Amino acid sequence: MILQVSDLDVYRGPNHVLHNVNLQVEEGQIVAVLGRNGMGKTTLLRSIVGLTPARSGKVVFMTRDVTRLAPHKIAALGVGYVPQGREIFPNHTVAENLRLGRSGLKDRSIPEEIYRYFGILRERASQRAGTLSGGEQQMLAIGRALARRPKLLVLDEPSEGIQPSIVEMICGIVHRINKEQGTAVLLVEQNVDFAFSIAHFCYVLEKGAVCNQGTVDAIQDDGVICQYLAI
Amino acid sequence: MITSSTLSPSRVAAIAVVLIAFAVFPVLAGDYHAQLMGKFLVFGVLALSLDLMWGYTGVINFSQATFFGIGAYGAALTMKYLAATPGSSYLAVLVAIAAPMLLGLVMGYFLFYGRVSGVYFAIVTLAVGTIFYSLSIVLIDFTGGLNGLYGFPPLKLGIPGLWETPLNLANIYLVYYIVLVATVVVYVITRQLVGSPFGRALRAVKSNEARTEFTGYDVAALKMIALAISGGIAGLAGAMYIPVGVVSPQILGILFSTNVIVWVAVGGRGTLIGPLLGALVVGYLQTFLSETLVSVWLLIIGVFFVFVVLFWPDGIVGFVRQRIHPLLRRLGGAMRR
């Protein structure tokens, strides 16, 4: 098991955002976390990567308890985080953004496979990242997270605000990365089609608690979509 | 004159012209101006040290002059008490660099790992500046108090025991050239530093600290090291100040620190060459205005500063890059036709 979240309780100020969340990601698995806006999906990911402290509970990454570990140390252990809203460095070039992903490593060269997945990044290497389109920035953000060859890729709404054709491309690439590199993926998505097309297992968050979980087929059979994810 | 990472023939020519101009300046302008320019070059190095923190790491220090003053006092006190030791001049310069670096490390460790940042960090720097200013006045037996530190042997250049020549006003040309060479060396080294992976990480910190943190960088450590290096450069400037100025509590004070901020803002934050330029421009403006417009020069400096902040937020370098460069390009294009 690559990631185990046990009994996680997270507060943001006075608000109890996550209640007793239990979640697992196996090696090479793609796990999707679904739910409407404001259900605590982003907070869950932020707690896992160390940006938001947990009030109680445990996060174990590859047998190591990372619950209280600083974000840069969790990144060094092999977690590649791609937050909501891209979060690339706008004043650095594309190449510099990718190189920054090689934090703390002596060898600053970009792994060749990143350019195989995202050819556009090689073309735009010396362009300022802030001038890229939304879809290109998303590819750069994922590329940066992949630079350290992480064991777990954590993606927060990768399809948000991006045109459908690029979303499809990114969906395919995430699937390829998982198949070719064996990278596990923890994915938060509101785009149910995106999630269902690549995930092996799904969790559904409702008001900060896991209300349903199962394989894609099980979730679809149960009519969960209508109950928890539809308007 | 604005340097960048690409060294085209025209750039190299421009740099050469500037360096030659600075090299012949004292010969053409005389002793008084050699001392003045030397002083402003030292200020330029001090401004550069603040730019590393403010322009590249995004952390403002309201008492950058404290590092400068500790460097100056450190070197002067070393000469006062240890002049007899062979190589004391070099020891003095070492102290001038190491003492502020140590302060930077200690401050950085407690403040950055303690998550004190932004406004709160700025206030702490004000407090630190005030502490050292008070110390320099109160420890009158060591520092000479408000009158300043006088009567210590001058820094000497050369090989101890074999041949030495003093660096003081009697040797003002030698002092000028040492300062000029040191300024160029510091600039080149700092330019390399900000272009390195470390420099890239500092710029990432300036862009967004949380983003840099989850990318895998220990942001507190980066800021602490940057503060130490910034302090070391400022301290070196302090040692260089001894032959061209007076070591007094003024150079440690908040008012002087504010000057440093003005130089960086006027020249152009985050450009390295901008702060150097800013120190020269404001320095000369201040000198000549205070001579001719005795009562209103401070007002004019103030208005000039406000003007720069409002209309030239990227400073002189920013203005040149945004307005003059495109103009020159079009001119060049027109002439080629």
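Across from A:Tyr81 you'll find A:Val154 in strand 7 of chain A.

A quick word on the ground rules: this is a predicted model, where local features need pLDDT of at least 70, side-chain atom pairs count only at pLDDT 80 or more, and totals for chains, interfaces and linings use all residues. Residues are numbered from 1 along each chain as its sequence is written, while chains are lettered from A and ligands numbered from 1 in the order in which they are written.

Back to the sheet. It is an open one of 6 strands in chain A, ordered 6-7-8-3-9-10, with mixed pairing. Strand 6 (79-82) and strand 10 (209-215) of chain A each have a single partner strand, so each has one side without a neighbour in the sheet. From one strand to the next the twist averages 15°. Helix 1 (residues 41-49) of chain A lies across strands 3, 6, 7, 8 and 9 of chain A, at about 150° to strand 7 of chain A. Axes are lines fitted to C-alpha atoms (for helices, over the stretch in contact), with angles from 0 to 180 degrees between N-to-C directions.

Now for chain B, which has 14 helices and 2 strands. Its overall numbers:

| Chain B property | Value |
|---|---|
| Radius of gyration | 20 Å |
| C-alpha box along the principal axes | roughly 65 × 55 × 45 Å |
| Buried share of the 337 residues | 45% |

The radius, taken over C-alpha atoms, is set against a globule rule of 2.2 Å times the number of residues to the power 0.38; for 337 residues a compact globule would come near 20 Å, so chain B agrees. Buried means 20 or more other C-beta atoms within 10 Å of a residue's own, with C-beta atoms placed from the backbone (exposed is 12 or fewer, partly exposed in between). In helix 3 of chain B, 15 of the 19 residues are buried, so the helix is largely enclosed by the rest of the structure.

Where the chains meet, chain B gives 14 residues and chain A gives 21, a contact being two C-beta atoms, placed from the backbone, within 7 Å. Helix 8 of chain B supplies the largest share of the chain B side, 6 residues.

Methods:
Helix = DSSP H or I, 4+ residues; strand = E, 2+ residues; numbered from the N terminus. Pairing = 2+ DSSP bridges.
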